[in-house]
Amino acid sequence: MATHAKLTLPQLERHLFSAADILRGRMDASDYKEYIFGMLFLKRASDEFEEHQAAVVQELKDDGYGEEEAESLAEEPMFYTDVFFVPPEARWENLRDQVHTNVGDHLNKALLALEESNQDLEGVVQHIDFNATIGKTRLSDRALRDLVKHFNRYSLRDSDFEFPDLLGAAYEYLIGRFADSAGKRGGEFYTPRSVVRMMVQLTDPQEKESVYDPCAGSGGMLIMAKHHMAEQGRDPRNLRLAGQELNGTSWSISKMNLLLHGIPDAALENQDTLLQPMHRTESGGLERFDVVLSNPPFSQPFYGIGAEFPGRYHWGRVKEGAKKADLMFLQHMVSVLKDGGRGATVMPHGVLFRGGEEREIRTELLRDDCVEAVIGLGPNLFYGTGIPACVVVFRAPRSKPAGRERKVLFINADREFKAGKAQNHLLPEHTEKLLHAFENFTEIPGYSRVVSHKELRENGFNFNIRRYVDNAPPPEPHDVYAHLHGGVPEAEIAERAETLARLGFSADRVLVPRPEGADGNHGPYRDFAEGLTRADLAGRVANDTGVHAKRTELFKAMWGWWSDQDELIATLPETKQLMSVRRELVNGFVDALEPVGSLDRFETTGVVVRWWETVQYDLRTLAENGFGGVLDGWITTIEDRMGAEPAEHPLVPELIPEHLDQLAEAEQEASELDARVKAATAQPTESAESSEGEDADGDETDDGDGGEGADPGPNALSEADLKDLKKERAEARKKVKALREDLVPALKMARQALGTEAERRHVMDLVARKLGEELEDHTAQQRREVVAALENWWDKYQTSLAQIEERREQAELKLNGFLKELGYA
């Protein structure tokens with residue numbers, strides 16, 4: 001039972017980023033992103049206006065107005081309180097159909113007219129200049145027309161999307177991709193979403209509170225605060241958002257980001273926060289907030305002469321012009337907190353230990369008991385810097401919760417990250433561990449420690465995290481006796497006992513204990529089992545019965561939990577309670593799997609949260625459009641994949657396995673025929689090879705398989721047989737091509753034949769399979785850790801000193817024999 005296919009998130013993401021292909025090469029990503037954002041905003045505003053205007057015209061006609069009069073009245077802005085009023089010169093129809101020359105001028109005028117017609121857009125889009133010359137490059141009419149044609153491909157109305165916030169999600173994706181492309185400059189407007197989420201969770205905004213970001217960038221902190229409210233079952237509409245951003249382009253990006261996320265009422269200002277904070281009370285004082293979140297630019301020069309509200313900096317000031325504005329930002333944030341307010345900000349590590357004015361500021365902030373926690377993060381998480389950064393959690397002066405007064409929690413999480421090629425990543429399990437330490441204000445050896453003000457004072461108000469929490473791994477143990485005589489020390493095996501037990505592996509499977517007293521007062525030791533090689537270790541672990549039993553227990557717990565909880569997901573089309581379902585699923589999954597002992601609570605949470613992040617947009621579609629809508633979205637995505645292999649999507653083998661079998665058989669047949677043609681084709685002679693370049697545009701059917709002047713090879717066929725074989729190969733290739741072209745139509749036909757129960761089964765199976773894949777990734781990582789430990793012991797201890805000396809003596813004897821035979825000895 002098919003439903004109307006709507007625009008999917010992967011489809012829109014590819015559409016938006018492929019728009020950059022039109023401009024890529026002409027200028028840097030940091031320059032052309034404004035054109036993409038501007039064009040997107042124009043198209044979105046015009047599509048929404050067009051739909052709303054049609055409804056206004058119909059409503060007026062229903063009230064008795066004639067067609068012409070209704071259309072004329074519908075041009076009045078007063079009818080468009082829920083969407084932006086788009087004047088005629090900014091409407092997409094006009095830009096698409098009427099503008100062919102001086103395209104940049106017309107686009108600039110369209111943006112200006114749109115802004116002038118909507119007070120909420122003041123200053124947001126008019127700075128975008130489609131006629132700007134960057135370096136020596138200016139976009140041609142043709143390039144801009146190509147951009148208009150590209151954006152004309154899809155309608156961008158809410159009714160066209162598979163779930164309501166799809167455009168906002170795609171815009172966030174686009175910002176992230178531009179940050180990737182911009183490299184160091186990406187850090188000016190984008191903070192990785194995993195870090196943003198962690199900071200929001202640390203501060204935990206509540207209903208009826210206000211959230212403020214003095215360096216708003218792309219607006220991600222404010223948007224994530226709204227998302228967090230929904231995840232916690234709170235009303236996100238009951239949260240006031242405010243922010244300020246100095247960079248005009250970043251401010252414009254953030255305004256558009258908030259608007260496209262359906263947040264039109266955020267108070268976002270464009271000005272220098274340190275010099276001129278814009279959020280004021282009616283009496284002219286500084287507005288105060290419940291929560292402050294920010295990632296200010298690192299090591300900016302501070303020019304404080306003439307700064308408004310200089311009382312914000314009463315904890316201390318750095319020298320005028322010094323590139324040390326970091327703690328000045330922090331002071332501003334503390335000064336705008338309400339009594340009992342809290343905040344979190346990213347800071348460079350230098351502010352924790354540098355002397356001079358920065359030490360004085362730290363001292364005064366500590367005396368007012370403003371610093372609640374200092375959290376060290378891993379390297380290369382942020383755009384713009386590869387060095388590790390930290391997060392400072394702070395409170396309004398003297399307003400810490402009971403039990404935390406005059407103490408600072410230090411968390412050293414600089415080893416908690418997943419390494420990436422260009423950027424490292426903070427995973428959900430890393431965040432979960434960090435939040436556990438913070439929320440419980442607890443000490444975890446090598447990870448977190450509560451430090452008194454007295455100790456900080458004794459250390460000269462030095463906040464260097466490693467001074468209080470040293471998480472350096474212990475040195476690699478080396479047993480001298482084992483190096484000399486071989487054997488793996490039992491002490492080292494015992495240290496790895498927990499790692500082995502989590503996987504269900506016993507050292508007994510590969511290591512045999514030596515007889516008691518075999519090594520005198522040393523040991524005890526074990527030897528690798530006789531006949532075992534280093535190459536065998538991975539296979540022994542992978543095929544171990546204990547490992548398989550533990551994995552079976554783990555997945556049995558997962559499927560048992562799934563059978564109890566899948567109804568929560570299945571009823572989403574009726575309940576629409578997506579975030580409530582998320583909370584129940586996360587908590588239930590952890591409770592079900594943690595007792596197995598394979599994963600700790602943090603890792604278990606990481607598995608289920610990563611799974612949720614993978615499937616959340618499918619589940620949003622499910623809540624809006626039912627199981628059929630999810631299937632239609634998947635098929636739309638499969639069809640839209642540009643150059644990708646459609647069969648890679650897991651839905652394809654589920655719906656049309658016979659078609660895939662036929663395709664595989666046809667490809668195999670074509671491959672075999674191709675091999676037979678090549679084997680049977682005569683080998684070219686030297687004269688034929690030298691003339692190849694003269695006949696480069698020869699018969700395509702021959703495929704370069706030979707021709708006149710060739711020597712007959714051992715498998716050569718007669719000319720007639722070879723011609724028949726090539727004809728057979730051509731037919732096989734045509735069959736392959738036809739089956740590939742028919743794949744999507746066959747998929748659509750199979751989908752249309754599905755009933756309601758079959759739709760549900762396919763969606764639920766694929767969603768559950770993704771969870772199993774996340775869990776399998778974790779168990780595979782555990783296997784790799786165990787194999788690495790075994791291989792390390794092999795490399796250290798398998799070969800004793802005596803064996804090395806014996807091999808050396810044998811090599812020396814062999815060499816002397818060779819030398820003697822040659823007459824050199």
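Q: How do the residues lining the second largest cavity divide into nonpolar, polar and charged?
A: In this predicted model, that lining has three nonpolar, three polar and four charged residues. Ala, Val, Leu, Ile, Met, Phe, Trp, Tyr, Cys and Pro count as nonpolar, Asp, Glu, Lys and Arg as charged, and the others, Gly among them, as polar.

Q: What counts as a cavity and as lining?
A: On a 1 Å grid over the protein atoms alone, a cavity is a set of points where a 1.4 Å probe fits but cannot get out, and lining residues have an atom within 4 Å of a point.

Q: Which helix gives the most to that lining?
A: H21 does, with four residues. Helices H19 (497-503), H21 (545-570) and H30 (756-797) each supply at least two; helices (H or I, at least four residues) and strands (E, at least two) are DSSP runs, numbered from the N terminus.

Q: How much space lies in it?
A: The second largest cavity holds about 60 Å³, a volume being the space filled by probe spheres set on the points, with grid points joined across faces, edges and corners.

Q: And what lines the largest cavity?
A: Its lining includes Leu327, Arg362 and Phe463, and divides into nine nonpolar, no polar and one charged residue. The space there is about 90 Å³.

Q: How many cavities of 30 Å³ or more are there?
A: The count is four.

Q: What rules apply to numbering and confidence?
A: Residues are numbered from 1 along each chain as its sequence is written, and side-chain values use heavy atoms, leaving out hydrogens and water. Local features need pLDDT of at least 70, side-chain atom pairs count only at pLDDT 80 or more, and totals for chains, interfaces and linings use all residues.

Definitions and conventions:
On a 1 Å grid over the protein atoms alone, a cavity is a set of points where a 1.4 Å probe fits but cannot get out, and a pocket is an open set with protein on both sides within 12 Å along at least five of seven lines; lining residues have an atom within 4 Å of a point.
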